[in-house]
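Trainee: I would like to go through the terms used for this model and see what each one rests on.
Mentor: Go ahead; here is the structure.

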Amino acid sequence: MPTVLKLACADIRVTERTFIILAALNIVIPFFVILTSYMLILLTVIHMQSAAGRRKAFSTCASHLIVVILFYGILIVVYLTPGSDAAPDRSKELAVLYIVVTPLLNPIIYTLRNKDIHGAVSRVLQRQELRMGSENRSSLTEFILVGLTNHRQTQILLFVVVLLIYALSILGNLVIIMLVQTDSSLQTPMYFFILHLSVLEILYVNCSMPQLLAHLLSGHGAISFTRCMAQMYVIICLGSAECFLLGAMAYDRYLAICHPLLYVIAMGRWRQVQLASACWASGFLLASINATFTFRLSYCGPNRINHFFCDMPTMVKLACTDLRETELNIIVVSALTILLPFFIILISYMLILSSVIRMQSATGWRKAFSTCASHLTVVILTYGLLIITYLSSGSEASPDRDKGLAVFYVLVTPLLNPIIYTLRNKDIHGAVSRVLQRQAPWTGDENLTSITEFILVGLTNHRKTQVFLFLIILLTYSLTVMGNLVIVALVRVDSSLRTPMYFFLSNLAVLEICFVTSSMPQMLAHLLSGNGVISFIRCMFQMYITVCLGSVECFLLGAMAYDRYMAICHPLLYVIAMSRRRQVQLASASWASGFLLTSINVSFILHLPYCGPNRINHFFCDMPIVLKLACTDISVTERTVIIVAALIVVLPFFIILTSYILILSSVIRMRSAAGRRKAFSTCASHLIVVILFYGILIVVYLTPGSDRAPGHDKELAIFYMVVTPLLNPIIYTLRNKDIHGAVSRVLQRWGFEQKRSTLTS
């Protein structure tokens with residue numbers, strides 16, 4: 001309606017005002033009803049004494065609140081601002097949300113965690129089984145996912161690894177989507193299909209990884225019958241759609257290489273949408289046939305799934321009925337889903353190969369190969385795994401083999417796809433550079449970033465000194481990684497170190513390994529080659545990671561101080577107050593706070609234009625130094641950076657200061673000299689690390705003025721980038737009896753195993 005209103009060839013001001021009043025009436029009256037209702041609900045919930053009652057009240061309102069926020073947020077923006085000068089593109093984008101996305105999200109929001117809906121679905125599915133005969137009725141209400149391992153320590157380690165893979169998969173695919181949408185040079189058919197593939201990969205990992213992470217963290221693999229069936233269906237649908245998308249991408253490459261003159265017409269926008277829609281529809285249609293065969297089977301026991309998600313071949317084996325006919329049908333449909341696009345890919349590449357052979361230009365061959373290499377790699381990965389898994393799903397198939405393959409196509413492939421498509425792709429590299437170098441909204445065209453690389457001056461230009469420093473820093477890097485890995489390993493393998501203090505210490509050790517790895521390899525490469533060139537993108541990425549990890553360390557040290565305060569001042573409540581859940585919460589909050597606050601600072605740095613000079617008088621891309629290279633007034637940005645840096649440094653510092661003041665007052669009241677010594681010994685290591693770390697950070701990041709001496713930053717950076725990560729494991733282990741005891745036990749255990757193996761041999 002707002003768009004039609006603008007097309008009128010008369011004065012629309014009166015009509016527009018009337019329209020706004022009526023629209024406001026339609027939106028605001030129900031909104032006030034909702035607002036009043038939830039205010040009364042909130043007052044009632046506050047007066048509730050039962051925590052269970054509060055949770056129940058929240059769970060009944062959560063879905064409705066999310067839908068209200070989505071619906072009203074969009075409507076208010078669209079229908080309460082229909083002025084004649086409103087941007088048509090903005091209205092279009094918003095319309096996609098409330099016409100396409102919102103109707104899709106509503107049933108998901110209302111059913112995702114709704115036990116009533118889950119129960120109703122289970123009853124409908126079981127009622128369907130009842131029609132097949134009471135003897136074949138499904139009696140299972142839940143399944144138990146065995147997962148990857150039952151060993152608790154391995155589960156925690158896998159949780160961290162899978163969480164990292166999950167985050168990187170989402171981030172990598174989101175970056176591709178963002179680049180294709182924002183960069184005009186990527187508005188081509190090839191990148192249109194890559195965008196769809198990225199969307200599919202995000203949906204795919206979200207179907208299985210959250211469930212796997214919850215299982216690894218809790219150690220509990222129970223999943224309801226309904227959720228299991230839904231997970232299986234969505235995974236099969238997305239896997240099938242991926243097959244057809246890869247087929248469409250092969251056809252696109254065939255037209256681009258074999259018919260370049262007809263390519264623009266043959267692969268117009270409408271044809272791209274048709275092909276993509278056909279891929280999604282075909283995948284979901286064929287997967288629905290397979291899922292229907294699986295749903296109609298009866299499940300009366302056993303209920304243990306030897307997998308980490310509800311995979312169709314594994315599910316079929318649990319049915320308590322004759323599988324031969326169902327299994328044959330599933331294999332036929334799976335073969336059709338996999339082999340039909342596979343033959344399209346095969347024929348496309350045969351035609352491409354015949355066309356390339358006829359080319360007389362070596363440049364043409366290389367260009368044809370480069371445009372197909374990424375797609376071919378993904379095809380080999382995807383189809384290789386799918387053919388092995390889904391075309392040999394007989395009851396005699398090995399469950400462990402299926403699990404091993406699933407790790408690749410559920411965890412690894414979605415992570416590799418964005419890497420494969422971007423690693424040597426000049427179009428993507430160019431798009432990333434343009435996005436990062438895009439001028440700030442408040443600067444003019446004259447300030448557009450023109451730098452594509454920086455030159456790190458490093459520690460010295462003297463060749464012999466560079467070689468000597470290379471050996472020293474390589475030794476320091478190796479010792480730092482080894483020392484921190486030893487701490488992580490000891491905390492994991494020795495039961496006496498499974499306390500809050502050592503939990504935070506292992507987090508700190510992991511952080512130190514990441515911290516030195518973000519800068520030292522670059523420094524070593526510079527010292528060995530004598531060439532300090534670093535691309536703009538790599539420089540900004542290195543700066544972001546180092547500052548993020550430094551910020552996280554501040555908050556981790558604050559959490560460790562709070563832990564010491566609870567242990568010394570409230571020893572009777574310590575076990576309850578610092579439970580495993582609280583430890584995870586504090587550690588997660590430290591990591592999240594560090595990355596979130598740092599992102600604010602880095603976003604300001606990225607918005608600055610860099611047009612010269614490009615020499616960084618440092619051995620890594622440090623934020624204060626990079627800030628000075630901006631070719632614009634940096635006073636506002638500098639103040640903002642100082643404020644956020646002060647918040648990152650000072651907030652945890654006050655937590656530490658308050659904790660130690662309370663610890664000191666508690667220690668002074670102790671009558672036992674032994675108690676005082678014990679309290680001091682537990683705090684001494686942490687205090688030394690705090691003094692080292694905060695002393696340097698306060699000097700560096702709270703005084704980033706443009707008049708600072710460049711050499712001063714380098715000298716300080718040597719300490720907090722090279723020396724401090726090496727000293728931390730030494731400080732925490734030098735006079736630590738718990739660590740000494742753990743090392744002795746591990747060595748004795750290893751020695752015993754060695755002797756026993758010698759005796760048996």
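Trainee: In which helix is the place of threonine 60?
Mentor: Threonine 60 sits in helix H3, residues 51-79. Helices here are DSSP runs of H or I with at least four residues, strands are runs of E with at least two, and both are numbered from the N terminus. This is a predicted model, in which local features need pLDDT of at least 70 and side-chain atom pairs count only at pLDDT 80 or more, while totals for chains, interfaces and linings use all residues. Residues are numbered from 1 along each chain as its sequence is written, and side-chain values use heavy atoms, with hydrogens and water left out.

Trainee: Why does threonine 60 count as exposed?
Mentor: The cut-offs are under 20% relative accessible area for buried, over 50% for exposed, and partly exposed in between, with a 1.4 Å probe and protein chains only. Threonine 60 has 56% relative accessibility, so it counts as exposed. Its C-alpha atom is separated by 8.9 Å from that of asparagine 114, 54 residues apart along the chain.

Trainee: What makes leucine 474 partly exposed?
Mentor: Leucine 474, in helix H16, has a relative accessible area of 33%, so it is partly exposed.

Trainee: Why does histidine 526 count as buried?
Mentor: Its relative accessibility is 6%, and histidine 526 therefore counts as buried. Histidine 526 lies in helix H18, residues 520-529. Leaving aside neighbours within four places in sequence, histidine 526 is in contact (heavy atoms within 4.5 Å) with Leu456, Val457, Gly458, Asn531 and Gly532.

Trainee: How do you know that glutamine 211 counts as buried?
Mentor: Glutamine 211 has 12% relative accessibility, so it counts as buried. Its place is in helix H7. With neighbours within four places in sequence left aside, its contacts are Leu145, Ala222, Ile223, Arg227 and Gln231.

Trainee: What makes H6 roughly antiparallel to H7?
Mentor: Helix H6 (residues 152-182) and helix H7 (residues 189-218) pack at about 160°, with axes 9 Å apart. Axes are lines fitted to C-alpha atoms, for helices over the stretch in contact, and angles run from 0 to 180 degrees between N-to-C directions. Angles under 35 degrees count as roughly parallel, over 145 as roughly antiparallel, 65 to 115 as roughly perpendicular and the rest as oblique. H6 is therefore roughly antiparallel to H7. By class, their contact has 23 nonpolar, 7 polar and 2 charged residues. Ala, Val, Leu, Ile, Met, Phe, Trp, Tyr, Cys and Pro count as nonpolar, Asp, Glu, Lys and Arg as charged, and the others, Gly among them, as polar.

Trainee: Why are H16 and H17 roughly antiparallel to each other?
Mentor: Helix H16 (residues 463-493) and helix H17 (residues 500-517) cross at roughly 155°, their axes coming within 9 Å. H16 and H17 are therefore roughly antiparallel. The residues of this contact divide into 12 nonpolar, 4 polar and 1 charged. Tyr477 and Val491 are among those in H16, and Tyr502 and Glu512 among those in H17.

Trainee: How many helices and strands does the protein chain have, then?
Mentor: The protein chain has 26 helices and 6 strands. Of its 761 residues, 45% count as buried.
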